[in-house]
Amino acid sequence: MRKEIRVFYVFSIVILSGLWEGLARSGIFPSEVLPPFVTTLCGSIQLIVADELPKHLLASGYRWAIGFSISLVLSVPVGIWMARSKRVYHFLDPLLTLTYPVPKAAMIPILMLWMGAGDLSKVTVIIIGCFIPLVISAYHGAQGVETSLIWSARAMGMGEKKILFRIILPASLPTVFSGIRMALAISLIVVLGSEMIARQSGLGYYLFNSLEMGLYQTTYSVLIIISGIGFLLDRILSLVMKNVLDWV
Amino acid sequence: MKTVRAFSAVRRILLQYYSVFLVASLWEIVGRSGAIHPVLLPPVSKVAVRFFELLFFDQLLYHTGQSMFRMWTGLGLATLVGVPLGIMMARFASVRSLLEPPLTLGFPIPKVGVYPVLIIFFGVLHTSKIMLIFIESAFPIVMATFHGALLVEQRLIWSAESMGTEEREILWKVIFPLTLPHIFMGFRIGLIVSLIVVFLSEMIASAEGLGHLMMSSSRGFRSADTFVAIAMISILGLLFDRSLLSLRRKMLKWHPEGEHH
């Protein structure tokens, strides 16, 4: 990021938080409805350092990490397989087209019925939610690999396995990464959403619990933390992307 | 002749979607066999019967209407606000430097987290849900429009200007049509996200809508009804997505991107 652009970003954060602070102090809204920014930010720090929030943060993070990585490990091979085999494509494509626009969060009540309201159903819904965008992106990536590349590798005596790992997988990575970005956004929605529906632990639970107990300032503080996490994950992803794809 | 053609059409559909029929019949067999309790997995045929019962003799249409009203109001507002905003960001440096930082920063944040705050301000009825859908779907629409409008070749704008085209006409005749493929892309993401969010918000806090129907029926262990709600959501999602793609094909006939899909 160029330096002047970075200045703009810092500037806009300062302005937005200033607006929040000003609006809260002006007395248009009661202070419970809109607590001042500084108080809220201090509240966020306090929640992380001294309160029970780390427990919920870990609970959400652990479900998210397991669900997201299982989905990634399952979906990329399936997508590449679809691109390599016509039969697999004809089997899976109609199923994927039919289920693609269906919000996977709708599966939460059924999964809760099957697996209980614990971690298993929440992890499963994350796996399902991320699966289709990842499969589709891996399929398009592997599909886009130039056939001439595969032919010339074969002509030079490269084995099928080597072709898969040395040519097809790396060549489809840029497309897979755009799928990962989409899946990241969906997985965060689903993690929080499922915790808001079946409330036991996690950030979504904590957020709604504070709302229902009327601790509005805590709600805002948790919101700041969630925003920070979403932003951080996205930055990490684009850093990884930049390093892995430096040859593109 | 007619019957032959109809027969071959049926055959084509059966062959093309054979996996769907396979999965559905497997579901039916397992559901009927009694291996899994019917509360856990009601057979497809029972879900289909319940679908029509709820549609004609119960409140399925009412719940669907409530969900659709919320979704389309939010998504429509997001499009009405998002598209002009995205184009203005690409056209005017001042708008861009004002809006790009907060939009880029806000993009990766899961906006469902804002829902409790929206409840504080707007209550648990329509408004907070519409606002949440608006926020979630406005981000992809604005960003896609903005990036699309940035890609419009400056040469085209210059040549239009040199031929004496007015600013407004440049917007309508040059920039908007060339940005359209990207607007469609953003709208498609917005559509899917708003479908997710409307049902989530109804599952979290609502007294009506398909999300509420789903939660209340599963809490009452009327799982056939839960599947009915899921089926309705799937049908609507599929219908919207398909119509969007065919609309895009029609509107982008002149564009190379309109050809595939």
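Colleague: Before we start, how are helices and strands defined here?
Modeller: Helices (H or I, at least four residues) and strands (E, at least two) are DSSP runs, numbered from the N terminus. This is a predicted model, in which local features need pLDDT of at least 70 and side-chain atom pairs count only at pLDDT 80 or more, while totals for chains, interfaces and linings use all residues. Residues are numbered from 1 along each chain as its sequence is written, and chains are lettered from A and ligands numbered from 1 in the order in which they are written.

Colleague: How do the elements of chain A run from the N terminus on?
Modeller: They run α-α-α-α-α-α-α-α-α-α, and chain A has zero strands.

Colleague: What is the radius of gyration of chain A?
Modeller: Taken over C-alpha atoms, the value is 22 Å, well over the 18 Å that the globule rule (2.2 Å times the number of residues to the power 0.38) gives for 248 residues, so chain A is more spread out than a compact globule.

Colleague: Changing topic, how many residues of chain A are in contact with chain B?
Modeller: 40 residues of chain A are in contact (C-beta atoms, placed from the backbone, within 7 Å) with 39 residues of chain B.

Colleague: Which helix of chain A gives the most to that side?
Modeller: Helix 10 of chain A, with 10 residues. Helix 10 spans 216-244.

Colleague: And which residues does B:I196 touch?
Modeller: Not counting residues up to four places away in sequence, B:I196 touches A:P103, A:A105 and A:I189.

Notes: Contact = placed C-beta atoms within 7 Å.
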